[in-house]
Amino acid sequence: MNRGNYIPHLKESLKIEINNYEKPIKELIGKSISDVNYYEIDYGEPMWNETEFHSLDYGIEIIMEDKTAYYFVWGNEFTQYDVKFRKGNILSVFSPENGAKKYNVSDNPNWTELIGKKINRIQSYWSYWNLLNDEKRNYYPQDVQIEFESGENIWISALEITDSKPMGMKDYFTIVFDKEIADKFKIGLV
């Protein structure tokens, strides 16, 4: 997995692809979050709350103050596991029948500081993979950074952290609330 985004040498077609990908996500700019739900496999107890980050099997749903729902899940639009964003109900993708358990995390200390604050910037970070002995790069959205009016940020990434090692292109979601932690795990890097 390699990182790349907004680098001057990117082909124009990739810049257009990134712009088209970010356009619906940027609909969040100027809005405030009122509720946050995590979806993960039902292990009998929540397993998402790691010390430095939150880790989910399925995805995150955010409800805005105007009651509009949006979600981030791992998808396969650009590659096997990438960050997929949609407006609407996350239950159209995952449901209790799939073993998905919903956790409202709006009262989690990482989220309480962000609830009610306006989103003022969003950026995606793209990685690529290529086959051995093939220079063709296959780009995909690996991370999304959301910045709030207060200057706080979250990073949403389609990666799994195991034994303090980040592994991209996973059917997992990691959410980070601190720039140092994001840097430590190489999330949101250009």
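**Close-up views of the predicted model**

Five bridges join β4 to β5, and the two strands run antiparallel. This is a predicted model, where local features need pLDDT of at least 70 and side-chain atom pairs count only at pLDDT 80 or more, while totals for chains, interfaces and linings use all residues. Residues are numbered from 1 along each chain as its sequence is written, and side-chain values use heavy atoms, with hydrogens and water left out.

**View 1. The open sheet and its strand order.** Five strands form an open sheet in the order β6-β5-β4-β2-β7, with antiparallel pairing. At the edges sit β6 and β7 (100–104), each of which pairs on one side only. On average, neighbouring strands of this sheet are turned by 20° against each other, direction ignored. For such angles, axes are lines fitted to C-alpha atoms, for helices over the stretch in contact, and the angles run from 0 to 180 degrees between N-to-C directions. Strands (E, at least two residues) and helices (H or I, at least four) are DSSP runs numbered from the N terminus, and two strands pair if DSSP finds at least two bridges between them.

**View 2. Strand β4 and its partners.** Here we zoom in on β4 (residues 59–64), which pairs with β2 in the antiparallel sense over six bridges. Val36 stands opposite Ile62 in β4, and Asn37 stands opposite Glu61. Towards β5, the bridge partner of Glu61 is Tyr71. How much of β4 is buried? Six of its six residues are, so to speak, under cover; buried means under 20% relative accessible area, exposed over 50% and partly exposed in between, with a 1.4 Å probe and protein chains only. In a regular strand the side chains alternate between the two faces of the sheet. In β4, Gly59, Glu61 and Ile63 point one way while Ile60, Ile62 and Met64 point the other way, and all are buried. The hairpin of β4 and β5 has four residues between the strands, and in this hairpin Lys67 takes a positive phi near 75°.

View 3. Tyr70, Phe72 and Phe85 form one aromatic cluster. A search of the whole structure finds eight aromatic pairs, counting rings of Phe, Tyr and Trp (its six-membered ring) whose centres lie within 6.5 Å; planes under 30 degrees apart count as stacked, over 60 as edge-to-face and the rest as tilted. One of these pairs is Tyr70 with Phe85, which is stacked at 5.7 Å centre to centre with 15° between the planes. This pair links distant parts of the chain, with Tyr70 in strand β5 (residues 69–75) and Phe85 in strand β6 (residues 82–87), 15 residues apart. Tyr70 is buried, with a relative accessible area of 0%, and Phe85 counts as buried at 5% relative accessibility. Phe72 and Phe85 form a tilted pair, 4.9 Å centre to centre and 55° between the planes. Because Phe72 lies in β5 and Phe85 in β6, the pair ties together parts that are 13 residues apart in sequence. Both Phe72 and Phe85 are buried.

View 4. Which residues make the nonpolar surface patch of about 270 Å²? They are Ile41, Tyr43 and Met47. Patches are made of residues with over 30% relative accessible area and no salt bridge; like charges are joined within 9 Å, and nonpolar side chains (Val, Leu, Ile, Met, Phe, Trp, Tyr) within 5 Å. The accessible areas come from the Shrake-Rupley method with a 1.4 Å probe, and for residues only the protein chains shown count as cover. Tyr43 lies in the loop between β2 (33–41) and β3 (54–56), and at 40% relative accessibility Tyr43 counts as partly exposed.

View 5. Lys117 forms a salt bridge with Glu152, the closest N and O atoms being 3.1 Å apart. That pair links distant parts of the chain, with Lys117 in the loop between α2 (109–112) and β8 (119–129) and Glu152 in the loop between β9 (138–148) and β10 (153–157), 35 residues apart.

Notes. A salt bridge is a side-chain nitrogen of Lys or Arg within 4 Å of a carboxyl oxygen of Asp or Glu.
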